[in-house]
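Please keep the model in view while reading the numbered points.

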Amino acid sequence: MSTLTQLSHVHRFIPATSPRKPPLLLLHGTGGDENDLVPLGQAVAPGAALLSPRGKVLEGGRPRFFRRLAEGVFDEEDIRRRANELADFVEDAREVYGLQAPVALGFSNGANIAAAVLQLRPEVLAGAVLLRAMVPLKEPPQADLEGKRVLMLSGAADPIVPAENAARLVSVLKRAGAIVDLRTVPVGHNLSQADLTITKAWLHDGI
Ligand code: MLT
């Protein structure tokens, strides 16, 4: 049995006031921290428990969830290690806080690690909202994502994530059995009100 002090990631936990809602696992983008996505989590799933870890990799002092070699060029060995470490954190935190499996809500680097967790440790997540995600692993293992719901929101003018890359991630997840809803919002890499509105409606429809 894990205890709070043994949890591997610095994090924030906000207990549910509507305990029937699935918890959200908030995963920030590069240079963010455990506080970043809390307002978004509260806006899209009012009353849900929020579990928000800080990425353990530092890039020039800026937290991330895995190492990259350049913009969009990932250290895949590190992705595998960090995704497993994050999955272990989620399992331990569920025990400590008494949570059901969370839905990941990740932005950018946080969306990419969420996609990697889905592929490497699918049982850990009830579903995922991937905001500006790209393919994390060129050769992912055969994951069983049968029936798992995933919302992907891409930016039409995203200078970091090519549309072809986001589409490739959708196909890989679908091939593994996930029910993927890909929407394109008329913005770039940054989040917009449309992301919030679509995510809130999708979560409300039930995971
Ligand atoms: C980022 O800036 O975080 C990238 O777009 C995504 C990544 O490196 O994982």
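1. At a relative accessibility of 16%, A101 counts as buried; the term buried means under 20% relative accessible area, exposed means over 50%, and partly exposed lies in between (1.4 Å probe, protein chains only). A101 lies in the loop between helix 2 (76-97) and strand 8 (103-107). Here helices (H or I, at least four residues) and strands (E, at least two) are DSSP runs, numbered from the N terminus. A101 and L125 are 24 residues apart in sequence, and their C-alpha atoms are 5.6 Å apart in space.

2. A word on the basis of these values is in order. This is a predicted model, in which local features need pLDDT of at least 70 and side-chain atom pairs count only at pLDDT 80 or more, while totals for chains, interfaces and linings use all residues. Residues are numbered from 1 along each chain as its sequence is written, and side-chain values use heavy atoms, with hydrogens and water left out.

3. Which residues are around the ligand? They are T30, R64, F66, R68, E71, F74, S108, N109, N112, I160 and H189, where a residue is near a molecule if one of its heavy atoms lies within 4 Å of it. This shell divides into 3 nonpolar, 5 polar and 3 charged residues. In this division Ala, Val, Leu, Ile, Met, Phe, Trp, Tyr, Cys and Pro count as nonpolar, Asp, Glu, Lys and Arg as charged, and the others, Gly among them, as polar.

4. An oxygen atom of the ligand is 2.5 Å from an N or O atom in the side chain of T30. For the side chain of N112 the corresponding distance is 2.8 Å, and for that of S108 it is 3.2 Å. Taken alone, the ligand exposes 260 Å², of which the protein buries 94%; accessible areas come from the Shrake-Rupley method with a 1.4 Å probe.

5. S108 is found in the loop between strand 8 and helix 3, and with a relative accessible area of 13% it is buried. Its phi is positive, about 55°, although S108 is not a glycine. Most residues other than glycine have a negative phi.

6. R132 likewise has a positive phi, of about 65°, and is not a glycine. R132 is found in the loop between strand 9 (127-131) and strand 10 (149-155) and, at 1% relative accessibility, counts as buried. A polar atom of the R132 side chain lies 2.9 Å from the backbone oxygen of G188. The backbone oxygen of H189 lies 3.2 Å from a polar atom of that side chain.

7. Helix 3 (residues 109-120) has 12 residues and reaches 16 Å from its first C-alpha to its last, close to the 16 Å expected. The expected span is 1.5 Å times one less than the number of residues. Is helix 3 enclosed or open to the outside? Because 12 of its 12 residues are buried, helix 3 is largely enclosed by the rest of the structure. Among the buried residues are N109 and N112, both of which are also around the ligand.

8. Helix 4 (residues 163-175) has 13 residues and reaches 18 Å, close to the 18 Å expected. Its buried residues are N165, A166, L169, V170 and L173. They cover an arc of only 145° around the axis, which puts them on the same side of helix 4; the arc is that of the directions from the helix axis to the C-beta atoms. On the other side, A163 and R175 are exposed. An α-helix has 3.6 residues a turn, so residues three or four places apart point the same way.

9. In helix 5 (residues 193-204), the end C-alpha atoms are 17 Å apart, which agrees with the 16 Å that its 12 residues should span. D195, I198, T199, W202 and L203 are the buried residues of helix 5. Their arc of only 130° around the axis puts them on the same side of the helix. The face turned away from this buried side carries the exposed residues Q193 and H204.

Conventions: A polar contact is a pair of N or O atoms within 3.5 Å; within protein, one must be able to donate a hydrogen and the other to accept it, and residues adjacent in sequence count only if both atoms are side-chain atoms.
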